[in-house]
Amino acid sequence: QRRQADAARAARAAELAALQAAARAKAERLWRVARPTPQDHPYLVRKGIRGVGLRRLGARLVVPGRDLDGVLHTLQFIGPDGGKTFLTGGRTKGVYCPFGGVADRLLIAEGVATAISLFMATGSATAAAFSAGNLRPVAEALRRKFPALQIVICADDDTLTPGNPGRAAA
């Protein structure tokens with residue numbers, strides 16, 4: 001039974017690795033054909049931010065999800081109405097979208113709009129972790145890369161959501 005369970009785990013891991021490799025290749029292809037983001041995109045206007053570091057495919061904004069080495073693993077798509085989806089099969093754990101160059105401190109936020117707002121307001125390097133559940137993996141990865149840097153977790157205050165997941169995760 002143990003050998004069967006180990007074999008099943010190994011098969012699942014190999015399947016996941018193949019799925020994520022295909023998603024990386026697709027993300028690269030889509031990122032290459034994506035165009036510069038118009039600053040009058042409805043989502044950007046509604047949030048009061050610039051589309052720094054983003055691109056567009058059709059009406060959707062395209063947000064790159066990268067690892068510590070800058071490898072593109074996934075894309076997040078944001079529609080004009082704010083609806084968000086990820087590229088199917090792309091790795092998201094520990095993956096983030098960076099804004100600005102690292103100097104004295106690094107801010108980590110959940111969403112792209114929050115991260116861009118923080119970057120615009122402070123000029124500090126900022127990383128969008130994409131979700132509350134990804135804050136810790138992104139923070140741990142960035143701490144390994146920048147052991148002496150001040151890292152600030154910028155919590156979403158989800159007061160209307162039971163358990164306030166943004167603050168709890170931060």
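This is a predicted model: local features need pLDDT of at least 70, side-chain atom pairs count only at pLDDT 80 or more; totals for chains, interfaces and linings use all residues.
Residues are numbered from 1 along each chain as its sequence is written, and side-chain values use heavy atoms, with hydrogens and water left out. Across the whole structure, a search finds two salt bridges, a term that requires a side-chain nitrogen of Lys or Arg within 4 Å of a carboxyl oxygen of Asp or Glu.

**Salt bridges**

- R9 pairs with D6 in a salt bridge whose closest N and O atoms are 2.4 Å apart, and the two residues, three apart in helix α1 (residues 2-33), are separated by about one helical turn; helices are DSSP runs of H or I with at least four residues, strands are runs of E with at least two, and both are numbered from the N terminus.
- R9 is partly exposed at a relative accessible area of 45%, and D6 is partly exposed at 38%, where buried means under 20%, exposed over 50% and partly exposed in between (1.4 Å probe, protein chains only).
- E140 and R136 form a salt bridge at 2.9 Å, N to O, and lie four residues apart in helix α4 (residues 135-145), about one helical turn.
- E140 is partly exposed at 38% relative accessibility, whereas R136 is exposed at 60%.

**Helix α1**

- The buried residues Q20, A23, A27 and W31 belong to α1.
- Among the elements that cover the buried residues of α1 are β2 (55-57), β3 (60-66) and β4 (72-78).

Note on methods: Contact means heavy atoms within 4.5 Å.
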